[in-house]
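Morning, everyone. Please bring up the structure, and we'll walk through it together.

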Amino acid sequence: MKFFKSCLNLTLLSLLTCTGLAAPVLATTDFDNSVRDADDEGILNSPGVRTIKGDVTATDDLQDFRQVTLTGRANLRITGNSAGRTDLLLLRASGQVIAKSSGSFSHSFTRNNLEAGKYIVLVRSAQFNANSVNYQVNLNARQ
Ligand SMILES: [Ca+2]
């Protein structure tokens, strides 16, 4: 009985240790978690390029909203790379989705003839674990 009890204690200790090891890696705390609170990344001339970097996790920072302002009508090519699976979306300032690439380490899409105005790049973790995922998104505007 005593032996059984010490085994049980050992098991509990192992479980706690395992839980400790599996603690999620927290992403950088931020406030860009909705269309309304999108971080402003400035203007994007046509022609022009802009790079956006950040990190997301499935636990405490699922998504980042980053806003750019197109100064003129443009064909906009967006490419993204991340250290884990992410979703990459392009939204109008109203929140309407105009392009989406899902669950990949790399993304690429183009939307032609976009009018001048505010657009939001949304990066979302598509990981099944809690790992922090670094990403880089490149915006390339051409007339
Ligand atoms: Ca965020």
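Where is the place of Val 35? Val 35 sits in the loop between α1 and β1. Keep in mind that this is a predicted model.

Stay with Val 35 for a moment. Its relative accessibility is 27%. Buried means under 20% and exposed means over 50%, so Val 35 counts as partly exposed. Leaving out residues up to four places away in sequence, Val 35 touches Phe 65, Leu 91, Ala 93, Gly 95 and Ile 120. Now look at Tyr 119. Val 35 and Tyr 119 are 84 residues apart in sequence, yet 9.9 Å apart in space, C-alpha to C-alpha.

Asp 32 has 0% relative accessibility, so it counts as buried. Asp 64 is at 1%, so Asp 64 counts as buried too.

Last, the nonpolar cores. The largest has 22 residues. Leu 76, Ile 78, Leu 90, Val 121, Val 137 and Leu 139 have the most contacts inside it. Two or more residues each come from β2, β3, β4, β5, β6 and β7. Apart from that core lies another, of 6 residues, including Phe 65 and Ile 120. Val 35 touches both Phe 65 and Ile 120.

Conventions
Residues are numbered from 1 along each chain as its sequence is written. This is a predicted model: local features need pLDDT of at least 70, side-chain atom pairs count only at pLDDT 80 or more; totals for chains, interfaces and linings use all residues. Side-chain values use heavy atoms; hydrogens and water are left out. Buried means under 20% relative accessible area, exposed over 50%, partly exposed in between (1.4 Å probe, protein chains only). A nonpolar core is a set of buried Ala, Val, Leu, Ile, Met, Phe, Trp, Tyr and Cys residues joined through side-chain atoms within 4.5 Å. Helices (H or I, at least four residues) and strands (E, at least two) are DSSP runs, numbered from the N terminus. Contact means heavy atoms within 4.5 Å.
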